[in-house]
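These are my notes on a structure that I went through today. I began with individual backbone angles and then turned to the ligand and the overall fold.

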Amino acid sequence: MTAQEIRHKNNNLLLDNEEEGKHKTTAMPAQQTLTMIAAAAKNNALGKDNDLIWHISEDLKRFKRLTSGHAIIMGRKTFESMPKALPNRTNIILTKKKDYQPEGALVVNTVEEALALVEEDAQPFIIGGGEIYRLFMETCDRIELTRVHHDFDADVFFPSIDTSKWAIVNQEDILANGDQPYNYSYLTYEKK
Ligand SMILES: NC(=O)c1ccc[n+]([C@@H]2O[C@H](COP(=O)([O-])OP(=O)(O)OC[C@H]3O[C@@H](n4cnc5c(N)ncnc54)[C@H](OP(=O)(O)O)[C@@H]3O)[C@@H](O)[C@H]2O)c1
């Protein structure tokens, strides 16, 4: 698949507007689980030329299922890698720019402002990219990582996960199939 075909297929699924989990956000959760969600290769590759590197439709459907109805926090570059804000989610963009006003998204200049905006969400998500995952590695409580068992050429990488601090609490292994040529695993990490 060419980079253009991968982008086209990924965008179709990311922007799919069919509603899911619309009422998940509730006022003042007793406990909040701040979750990073990412798909990273064996060599931690996340993206190249401000785009994703592969198309795994089942993973994107899972991303939509988990994040719909919640706040999603992302870096300005990840936001600009997508055609527009993701539907049925509160899109929050981190940037140091003071005059950034994209359509359909809230803009913050600091991590603290981002966290203040998601206070009432029981499970806000950090959706990337590399800089933003690094920023939230210490703060977040859970990582939903799709590990693609293949090395890719990339210019952005997921930070390494310190296994003395994080444990895998759930794992589902998926074999390569007609839809996509790579074995991958859904790994859920939680702080020890
Ligand atoms: N595989 C995956 O799961 C996945 C997920 C998401 C993204 N990606 C890929 O990751 C790549 C983009 O990642 P990236 O690391 O280049 O960029 P990024 O993390 O999406 O965004 C970086 C931007 O965030 C802002 N930022 C960073 N630290 C900040 C801070 N402390 N305070 C305020 N703003 C801050 C800055 O925006 P300003 O420059 O505007 O100040 C910075 O340029 C793309 O290739 C994308 O496709 C992959």
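I first located N50, which sits in the loop between strand 2 and helix 2. I note that the model is predicted. The phi angle of N50 is near 55°, a positive value in a residue other than glycine. I looked up its surroundings: N50 counts as exposed because it has 12 C-beta neighbours inside 10 Å, and the cut-off for exposure is 12 or fewer.

I then checked D49, which is also not a glycine and has a positive phi of about 55°. D49 is placed in the loop between strand 2 and helix 2 (57-67). I found 11 other C-beta atoms within 10 Å of D49, so this residue is exposed.

I next examined the peptide bonds. The bond from G128 to G129 is cis, with omega near 0°. I located G129 in the loop between strand 6 (125-126) and helix 5.

I turned to the ligand and listed 27 residues around it, the closest being G47, G75, G128, G129 and G130. Strand 1 (35-41), strand 2 (45-47), strand 3 (71-75), helix 3 (76-81) and helix 5 (130-136) each give two or more residues to this shell. By class, I recorded ten nonpolar, eleven polar and six charged residues in the shell.

Finally, I considered the whole protein, which has five helices and ten strands. Its radius of gyration is 16 Å, which agrees with the value near 16 Å for a compact globule of 192 residues. I noted that 29% of the 192 residues are buried. Of the contacts between residues at least 6 apart in sequence, 70% join residues at least 24 apart.

How values were computed
Residues are numbered from 1 along each chain as its sequence is written. This is a predicted model: local features need pLDDT of at least 70, side-chain atom pairs count only at pLDDT 80 or more; totals for chains, interfaces and linings use all residues. A residue is near a molecule or strand if its C-beta atom, placed from the backbone, lies within 6 Å of it. Helices (H or I, at least four residues) and strands (E, at least two) are DSSP runs, numbered from the N terminus. Ala, Val, Leu, Ile, Met, Phe, Trp, Tyr, Cys and Pro count as nonpolar, Asp, Glu, Lys and Arg as charged, and the others, Gly among them, as polar. The radius of gyration is taken over C-alpha atoms; the globule rule is 2.2 Å times the number of residues to the power 0.38. A residue is buried if 20 or more other C-beta atoms lie within 10 Å of its own, exposed if 12 or fewer, and partly exposed in between; C-beta atoms are placed from the backbone. Two residues are in contact if their C-beta atoms, placed from the backbone, lie within 7 Å.
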